[in-house]
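Below is a walk through one structure, from the relation between its chains down to single strands. Please keep the sequence and the coordinates at hand while reading.

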Protein chains: 2
Amino acid sequence: MTEDAIKALDENDPLRPYRARFDLPSGVIYLDGNSLGPPPRAALERLQQTASFEWRQGLIASWNDARWIDLSNIAGAKIARLIGVAAEDVIVADSVSVNIFKFAAALSEDGRALCVETGEFPTDGYVLSGLAHLADRTLSSVPWSDAPAFEEPCVLVKSLVHYKTAALADIAAWESAALAAGASIIWDLSHATGVIDCRLKENGARYAVGCSYKYLNGGPGAPSFVYVASPESERLRQPIAGWMGHAAPFDFSGDYVPAPGVKRFAAGTPPILSLAALDAALDVFKDLDMRLAEEKARALADLFLQRTAPLGLEVASVAAGRRGGHVCLEFNAGYAVVSALIARGVIGDFRAPDLMRFGFSPLFLSFDEVARAADHLSEVMKTQEWRDPAFNIRKRVT
Amino acid sequence: MTEDAIKALDENDPLRPYRARFDLPSGVIYLDGNSLGPPPRAALERLQQTASFEWRQGLIASWNDARWIDLSNIAGAKIARLIGVAAEDVIVADSVSVNIFKFAAALSEDGRALCVETGEFPTDGYVLSGLAHLADRTLSSVPWSDAPAFEEPCVLVKSLVHYKTAALADIAAWESAALAAGASIIWDLSHATGVIDCRLKENGARYAVGCSYKYLNGGPGAPSFVYVASPESERLRQPIAGWMGHAAPFDFSGDYVPAPGVKRFAAGTPPILSLAALDAALDVFKDLDMRLAEEKARALADLFLQRTAPLGLEVASVAAGRRGGHVCLEFNAGYAVVSALIARGVIGDFRAPDLMRFGFSPLFLSFDEVARAADHLSEVMKTQEWRDPAFNIRKRVT
């Protein structure tokens, strides 16, 4: 693709104005928004407001005056629009791990087995194994599959977008198979929300959790979210019965009465500073057509793959068609290559044993940046600068 | 007590210099640090640094470069000193509700019943009831007692300081009775940490959780902490097996291998913005002798009680001797009185049905402020200004 063609892509990009809402450091091409989104300006401002005004000036009164008490619902409603469900059916609370635990416990109360596919994001399996041990549930591991199939009426935790391959599951097909088999699917939207046009309700999804610090740019470790379709939530008993999920937390009554709807999935007091930053970050998505976001992410990734194709690296992620916002290239010295790229200001990440992962957040990346990132990778490979021993010292934890 | 005597108390107060570390709004006497501590200046600065520098500039690299990955342990070690246990035995993670769940699940794995006293902070009982239902445990409710006694080898969740009465449990006596009965106590330190000289290890406490947004001033909804004595932690299987509690989270291995020590009580990714504010807030306590903090809180409360004694209000909290940092006065129109006080700039809180609760954070309150707060209460009662209908509209949620 010529430089003019790339320039034209940027000029015709309907999402181009979104870039100005982010405050990215200069000299950096950030291809890791799939791990930690960068701060929207509004999130930084809101954090300042929440800390210096609401906490410092308002003190305890801010639970009411600044609506901290409703913030889990307020932020949830914003996420609801992005994933295509009713505003009142999403709440922000706890972490993805804790929320998977709550959900899997509630849904398997009828004795159904817990189920996870091989190659699923490991923590999803860890959480199910802990629950199985605690509550005497059966846990089955089944092969990863493109074709929906259930051998038994189980509770399956499944990523909508696979964290390595970026494979995108067909929600409607899976839900239809689940209904036929008496199974339930807890969709893990961590690598999907903010980059995929999920349309959960339209596709029949009933339960989901997700991460808000990746494409949603909510800040490091920003709290997770939970979606349950309204009529379903009334019959679910969430086991971590903390006061924030109580129908009347400040009555301090002795008995636990779950709040109506998805609010019962709250447990303890939410981390307001982190939650406020997330709430503001979500405003960036206001009025955004998620279809455009998904299409742009895919176009950015396609450009990157096309431009690096001559290197002959194995593409370990879905090469064409709908997929998540990232791609993975396989290379046995991948860690060193990613380090060499970081030294050049191109930030991607590495997943053991040999995957170089690059994410294409559609809101702040330009086609020009992605082309330049691809060129940097090409140079690093051709010059073999990754062989510099400095790039192979494993000092990064994440 | 004369005005001179009060002045002398402030002049001789060894904790007087701590006030300058807080940025309190003018015109306010804040007697609700037991619900939400005010921001230490260092916490506001740190939040700014974490958001604008670490997140904005450092992006994903801050997990390593800014030590986000270790922050749960770093903050935990600071709390450890305050509660008198080894630095490596405390971690910050999740909420109090979630942590009680993890602990009670792990400790009752051998079949012991779960146990809670009547009048305990309600969420502690809610969480146990949820766990009992999920994991088929027995849950006993026993009468609240000053005298340690166990009828069976159970797992008891007990507040060190009662949220209403401020009664302070005798850790050593309870632990000794627990050991004799084969029982375990999960100490809920929420109303104790930062105001009581707990000396957990010296007194034989083995397990504790606590809240960091009250006397620790960590910020609204700041994450909770967990303490387990080192040798004990190795045998505990925490059921919410998230990746942050894994021995090697970034190996992405299929099997869950719990991290050594208390780190296994971590689950998902911690909310870094909230955690960073807490970490900085804890530095205010560096070098503080907790005995002095406890003594000052008690002296402040004594002054308040003494000065309001002529009003003849029932003292619903421990009237003399060691106790937590707050007092409760009973009055059937307590909500209106607390509202009238707030209008005068004296912030306390109300706990249904009729308790006015006032907290005496030792680090930022002066004896003079407490005397003035008592005088405001006396005036509100004598003038009956609380009868103004505006003060009786229940608009506050918390």
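This is a predicted model: local features need pLDDT of at least 70, side-chain atom pairs count only at pLDDT 80 or more; totals for chains, interfaces and linings use all residues.

Chain B contains an open sheet of four strands, with antiparallel pairing and the order 9-10-13-12. Strand 9 (314–315) and strand 12 of chain B are at the edges, each with a single partner strand, so one side of each has no neighbour in the sheet. The pairing can be followed from one edge to the other. Strand 9 of chain B is joined to strand 10 of chain B by two bridges, the strands running antiparallel, and B:Glu314 stands opposite B:Glu330 of strand 10. Strand 10 (residues 326–330) of chain B is in turn joined to strand 13 of chain B by five bridges, again antiparallel. Here B:Cys328 has B:Arg357 as its bridge partner in strand 13. Strand 13 of chain B also pairs with strand 12 (residues 349–351) of chain B, in the antiparallel sense and over three bridges. In this pair B:Arg351 stands opposite B:Leu355, and a hairpin of three residues joins strand 12 of chain B to strand 13 of chain B.

Is strand 13 of chain B enclosed by the rest of the structure or exposed? Five of the five residues of strand 13 (residues 355–359) of chain B are buried, so the strand is largely enclosed by the rest of the structure. This holds for both directions in which its residues point: B:Leu355, B:Arg357 and B:Gly359 one way, B:Met356 and B:Phe358 the other, all of them buried. Helix 10 (residues 290–308) of chain B lies across strands 9, 10 and 13 of chain B and runs at about 20° to strand 10.

Helix 4 (residues 71–83) and helix 9 (residues 272–282) of chain A pack with their axes 9 Å apart, at an angle of about 30°. Helix 4 of chain A is therefore roughly parallel to helix 9 of chain A. The crossing of these two helices of chain A is left-handed. Residues that meet there include A:Leu71, A:Ile74 and A:Lys78 from helix 4 of chain A, and A:Leu275, A:Asp279 and A:Leu282 from helix 9 of chain A.

Key
Residues are numbered from 1 along each chain as its sequence is written. Chains are lettered from A and ligands numbered from 1 in the order in which they are written. Side-chain values use heavy atoms; hydrogens and water are left out. Buried means under 20% relative accessible area, exposed over 50%, partly exposed in between (1.4 Å probe, protein chains only). Two strands pair if DSSP finds at least two bridges between them. Axes are lines fitted to C-alpha atoms, for helices over the stretch in contact, and angles run from 0 to 180 degrees between N-to-C directions. Angles under 35 degrees count as roughly parallel, over 145 as roughly antiparallel, 65 to 115 as roughly perpendicular and the rest as oblique. A crossing is left-handed if the near helix is turned anticlockwise from the far one by less than a right angle, and right-handed if clockwise. Contact means heavy atoms within 4.5 Å.
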